[in-house]
Amino acid sequence: MQITATDVDRVFAKLELEEPGPDDGAVSTSTGRRRGYLRVDGLRVLVLTCDSGGEPLPGQTADNFRRSMRLSPREFDQFVECTLSRERYVSLLSRRSS
């Protein structure tokens, strides 16, 4: 599995992730890491953190990012290709946490 920082940016935008504030451990550009929170009905239900930059992310990093989203490889591909919507993703997370 290989994804790029552009794919990560797409995921962050599509999920409408909330960027952390100063009290949450703000994103540091010097570390090249990006963090965002998925809110559903006012509650933080997921924290995503990933490297940023223009290069493709190494296989293990990409796989860890997918796992942190709680998606199978096929579901993750669908999400990145924009065939899995935010609403369906939240529904999927809800079913898996029940």
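## Surface and burial

Accessible areas come from the Shrake-Rupley method with a 1.4 Å probe, and for residues only the protein chains shown count as cover. The protein chain exposes about 5,800 Å², and carbon and sulfur atoms supply 47% of that area. Of its 98 residues, 36% count as buried (buried is under 20% relative accessible area, exposed over 50%, partly exposed in between; 1.4 Å probe, protein chains only).

This is a predicted model, in which local features need pLDDT of at least 70 and side-chain atom pairs count only at pLDDT 80 or more, while totals for chains, interfaces and linings use all residues. Residues are numbered from 1 along each chain as its sequence is written, and side-chain values use heavy atoms, with hydrogens and water left out.

## Fold

The chain holds four helices and two strands, in the order α-β-β-α-α-α (DSSP runs numbered from the N terminus: helices are H or I, at least four residues; strands are E, at least two).

## Salt bridges

The whole structure has seven salt bridges (a side-chain nitrogen of Lys or Arg within 4 Å of a carboxyl oxygen of Asp or Glu). One of them joins Arg-39 and Glu-18 at 2.5 Å, N to O. Arg-39 lies in strand 1 (residues 33-40), and Glu-18 in the loop between helix 1 (5-14) and strand 1, 21 residues apart.

Arg-67 and Asp-63 form another, at 2.6 Å, N to O. Both lie in helix 2 (residues 59-68), four residues apart. Asp-63 is buried at 16% relative accessible area, whereas Arg-67 is partly exposed at 44%.
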